[in-house]
4 protein chains.
Amino acid sequence: MARKPADQSVNKEDILLAAADVLQRNGYESTTMKDIAAEVNLTAASLYHHFRNKDALLLAVLEAGIEHILSQIEPIAVSSYPPDHKLRLMIHAHVTGLTNNTAVGAAMVFEIKSLVSVKTAPDDGRDPEVAERRRAFIARRDQFERLFRAVIQEGIERGLFCPVDVPIFVKTLLGAHNWVGVWYRPDGRLNGDEIADRMADTFLRALQPA
Amino acid sequence: MARKPADQSVNKEDILLAAADVLQRNGYESTTMKDIAAEVNLTAASLYHHFRNKDALLLAVLEAGIEHILSQIEPIAVSSYPPDHKLRLMIHAHVTGLTNNTAVGAAMVFEIKSLVSVKTAPDDGRDPEVAERRRAFIARRDQFERLFRAVIQEGIERGLFCPVDVPIFVKTLLGAHNWVGVWYRPDGRLNGDEIADRMADTFLRALQPA
Amino acid sequence: MARKPADQSVNKEDILLAAADVLQRNGYESTTMKDIAAEVNLTAASLYHHFRNKDALLLAVLEAGIEHILSQIEPIAVSSYPPDHKLRLMIHAHVTGLTNNTAVGAAMVFEIKSLVSVKTAPDDGRDPEVAERRRAFIARRDQFERLFRAVIQEGIERGLFCPVDVPIFVKTLLGAHNWVGVWYRPDGRLNGDEIADRMADTFLRALQPA
Amino acid sequence: MARKPADQSVNKEDILLAAADVLQRNGYESTTMKDIAAEVNLTAASLYHHFRNKDALLLAVLEAGIEHILSQIEPIAVSSYPPDHKLRLMIHAHVTGLTNNTAVGAAMVFEIKSLVSVKTAPDDGRDPEVAERRRAFIARRDQFERLFRAVIQEGIERGLFCPVDVPIFVKTLLGAHNWVGVWYRPDGRLNGDEIADRMADTFLRALQPA
DNA sequence: TATGAATGAGGGTTCATTCAT
DNA sequence: TATGAATGAACCCTCATTCAT
């Protein structure tokens, strides 16, 4: 379970990886500082030398997750591939991102009420920096969604995709993806690549012009 | 916020409705007995006259949710409509179920790690009755998924749907649906019916034979 | 009341002493983590840094008590003194143990239903380690009783004591002793030594051969 | 477990019997109103039609216990039997009282700190009647002890018993007796009569003049 | 009488967080 | 950096008790 031998010092990166794992495994509220610390052979108190508080730590996880997935998606989105090919690549990148990197999953379902509990949010007031970073994270996640909208829109305009309600279609797409993070098991029948292929097939077929 | 005037006695039904709301709003771990009680103008202690403990209460919510949605879906699934029509009706029923009944949402995303934390599960041992009911709930949820698989399978066999990886397709479908429970806002651009229609269009198109 | 100044850190030993006192004063069910904590100028929460839970803490008290008294009794029991002298010494050690060390009293009357309530016992299931330690404690207490049986038996066999129903005699003896822990007051007419002497006289007379 | 069929009304007597049982089984703090009520197929709330509160109910048990045993002991104490015969009869009555009547056991060990918790006592202030009855009970129990002292004293004065420290001897005697209430099991090797005989032998031998 | 509903008080326990070492 | 000790706040749950029916 523990990722680090007892006699090595850890750095922020180690903690973030461990935290992402625990977060995906247990969910926000069930993830305790002690859990995260144990994963890197530290005490909970020690985590506070690396992160101001629990919110800051978990926010860092989310940031890492969203940046990772954006770093995969953005290059595709700005490429000159035709929209259908772009979309296939983006779907593939997103789904495999979710199956391979626990932080991505955390970042994606952060929107879920379970994670952004009403009770957690007000803490923003106490820590303006965290509040600001949270806003920035939300903005990045919106940006992520916009990239998908853009490629669909482009496809429609170019006549490659049948006209659809773009926002709803993207929500549909992303919901299907995010759910992968929930049910995917590394020892399942299909690996991330295979799942991604099938899902891309589905959504591209759904966009086929009549 | 409070659903009941202070001078009326409440019944289990009232509590379940309130609990479903709070549950959807806050998630399992963040949902407090006090929160639920406040919603019906009670003390947390009073809830224990109606439910043995928190697990039992929230399980009752999940049960209500799954039974509600199954009562909508099952009649369609066993009807003699052709698979494509069946599927459209089922999608519609599921999505509107999610937008109209908070308990359905809770029941659907129960599987999500955030909600059924690893730590919560082992508590089963302490309350065998709850453990049994939890198993039964899981079984019902599996049944729910099976209904979707069956209709897709039927459509493929009858040549009405193009051949797809049925399990993955259904996960895709359900993931998209469940996500609706997360982002749907009653004051949004579209109501549940409209969202359901668009999603049905998408998935039926994705199943169109070549 | 408080045994420690507010500005010193406490260790397990301090807590055990305080807990033994409170336990003897209030009994198991009435003994509160808060009570024990107050005795050492701590918060109840702080106790959980030293002991896993209430059961573990109080069990540690019982263990300390039984080990203390066994450490006094066993050397006598295995010595080569004649049985009558042994018995006198053992009675003396036991009674003064009860008047001088509150943990001994707790350990002795643990069997009393008030202390090991039917309701408390089943909790064993939840904490296997505590369950095991509880078993070990019971075994030690049985061992304690056996030492008394052995010396009586030896005396009878050697013709130094009149034949008696050994198990009943020992229960009689131990009951009389344990009751001392209940009525003894440090400011009473007699101190522990004096009480012990009188009780030893009584029981040795009761064993005199005809 | 329940002593009354569900369709019969209960009276104070029934409740007292049930309460004595539960009390002996669980101890004071662990005995809940609900437990007692269940034993007579009532709700906890219903008990309040028969007894002002928990203290009053349990005090009634103690009163019943002490009166019962005094009704057995007093006639013997005031009889004209010689002290040794008196003492044998009293011991016999006390021990069998303890093995046959759960209320007696409760009344006897009431003194034990576990039962008269420091926290319970102060409640006296709230209910002057209960406070008064508690004092009366204590007085009766002292009276009980005095009867034993008197017979010993009488025996010593008449030269039938060797001189002993009477208070200590009586505490020894009563402690041995009370302990019977703790370890006695109806299915044990000996019944109450046999145990009583052996204990009487022991203490009479201990009083034999040199 | 009897009870279902309700509650205030309190108890055990967890957890994020602080601080001295 | 790292940690052991400590704590306040909060949570789940129990219980004696009250009251309307």
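1. Leaving aside its neighbours within four places in sequence, which residues is A19(C) in contact with? In this predicted model, the partners are I36(C), L57(C), L58(C) and V61(C). V61(C) turns up again in the next point, so keep A19(C) and V61(C) on screen together.

2. Now for the cores. The largest nonpolar core has 117 residues, and A19(C), V61(C), A19(D) and V61(D) are the ones with the most contacts inside it. There is also a second, separate core of 116 residues, with A20(A), A60(A), L57(B) and F203(B) among its members.

3. Take the contacts in chain A between residues at least 6 apart in sequence: 70% of them join residues at least 24 apart.

4. A word on confidence. The average pLDDT of chain A is 89, and 89% of the residues score at least 70. Watch residues 113-118 of chain A, though: pLDDT is below 50 there, yet the stretch has 24 contacts in the model beyond near neighbours in sequence. Where pLDDT is low, the predicted coordinates should not be read in detail.

5. Where the two touch, domain 1 of chain A puts in 8 residues and domain 2 of chain A puts in 9 residues. On the domain 1 side of that contact, 4 residues are nonpolar, 2 are polar and 2 are charged.

6. By class, the surface near DNA strand E divides into 14 nonpolar, 12 polar and 4 charged residues.

7. DNA strand F has 31 residues around it, and those that come nearest are A45(A), N53(B), K54(B), A45(C) and N53(D). Chain B supplies at least two residues from each of helix 2 (33-39), helix 3 (44-47) and helix 4 (54-77). The class count for the surface near DNA strand F is 14 nonpolar, 12 polar and 5 charged.

8. Have a look at M33(D), in helix 2 of chain D. Is it buried or exposed? M33(D) counts as buried because 20 other C-beta atoms lie within 10 Å. Not counting residues up to four places away in sequence, M33(D) touches A44(D), L47(D) and K54(D). N53(D) is 20 residues from M33(D) along the chain, with 9.1 Å between their C-alpha atoms.

9. Finally, a backbone detail to check. N41(C) lies in the loop between helix 2 and helix 3 of chain C, and its phi is near 55°, a positive value in a residue other than glycine. N41(C) is partly exposed, with 18 other C-beta atoms within 10 Å. In chain D, N41(D) sits in the loop between helix 2 and helix 3, and its phi is also near 55°.

Note on methods:
Residues numbered from 1 in each chain as written. Chains lettered and ligands numbered in written order. Predicted model: local features only at pLDDT ≥ 70, side-chain atom pairs only at ≥ 80, totals over all residues. Core = buried A, V, L, I, M, F, W, Y, C linked by C-beta atoms within 7 Å. Buried ≥ 20, exposed ≤ 12 C-beta atoms within 10 Å, placed from the backbone. Contact = placed C-beta atoms within 7 Å. Near = placed C-beta within 6 Å. Helix = DSSP H or I, 4+ residues; strand = E, 2+ residues; numbered from the N terminus. Nonpolar A, V, L, I, M, F, W, Y, C, P; charged D, E, K, R; others polar. pLDDT = per-residue confidence, 0-100.
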